[in-house]
Amino acid sequence: YTLAVIVPAAGVGSRMQHSAPKQYIRLAGKTILEHTLAKLAQLKQATSIIVAVSDDDPYFDSLAFIDQRIVRASGGKERADSVLNGLLALADNPPDWVLVHDAARPLVTLADVEHLLTECISANEGGILACKVKDTIKRGSTHSEQTVPRDDLWQALTPQLFKYHDLTQALQSALAQQVTITDEASAIEWAKKPVKLVAGRSDNIKITTPEDLDLANFLLQKQHS
Ligand code: CTP
Ligand code: MG
């Protein structure tokens, strides 16, 4: 099979409330985006690593050059638009499979990514890393109205792996019909195609708010020691 990687990195990081977009915050010696790209570059079988970056982003081109396979593409308005731009950048020579991974998840392990690839490619189905919800989950606005049964609840992580053509078609038609798409799997579900749930490590966190930074810094340092 052939494989390409797409990294959506065109967000502004509004919840982080930092001057630069959060993917450019330095933790454990380099930016979050450089940590993420260094992890993905360990995938020897990937032929290209497309990074969707905002056109007015002044930071990306001055990052340390990590790998020959890294290509800059244009970001879009929403995450799904950024991913679709990445897919279209591959249209001339499409791979069989695409692995989509958030720039904001530098803690992913190569072992988890390899596990996702093995499970999905052997089953010939797309899928995602996910972890079982651990906390008791409540529904309500000011008071809890209900405790939600969590036996079949998962937290979606990235990477998410799908066939190139399945994902491109699903995203294009879902976006055209203004369906809310928060990850690749939501577009594939909407297209009524299977999404395999592959258990991944729960410390593969998406760095989102300031309180995530100390934990991510600690975990990155631990991975490098
Ligand atoms: N992303 C993107 N294009 C967008 C929005 C988000 O490529 N238009 C990327 C982000 O850079 C990030 C990933 O999608 O790597 C996950 O999104 P999120 O954590 O929501 O990041 P931001 O959108 O930057 O943060 P916020 O929602 O707090 O503004
Ligand atoms: Mg966002």
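Predicted model: local features only at pLDDT ≥ 70, side-chain atom pairs only at ≥ 80, totals over all residues.
Q: How many disulfides does the rule count?
A: Seen from Cys120, the closest cysteine sulfur is in Cys131, again too far for a bond at 16 Å. The count of disulfides comes to 0.

Q: Is Cys120 buried or exposed?
A: Buried means under 20% relative accessible area, exposed over 50%, and partly exposed in between (1.4 Å probe, protein chains only). Cys131, at 8% relative accessibility, counts as buried. Cys120 has 0%, so it counts as buried.

Q: Which residues come nearest to ligand 1?
A: Residues are numbered from 1 along each chain as its sequence is written, chains are lettered from A and ligands numbered from 1 in the order in which they are written, and side-chain values use heavy atoms, with hydrogens and water left out. There are 19 residues around ligand 1 (a heavy atom within 4 Å). Those that come nearest are Gly13, Ser14, Lys22, Ser82 and Lys206.

Q: What is the distance from a nitrogen atom of ligand 1 to a polar backbone atom of Lys77?
A: Polar contacts here are pairs of N or O atoms within 3.5 Å. Oxygen atoms of ligand 1 reach polar backbone atoms of Ala9 at 3.2 Å and Val12 at 3.2 Å. For the nitrogen atom and Lys77, the distance is 2.9 Å.

Notes: Polar contact = N/O pair within 3.5 Å; in protein donor to acceptor, adjacent residues only side chain to side chain. Disulfide = S-S within 2.5 Å.
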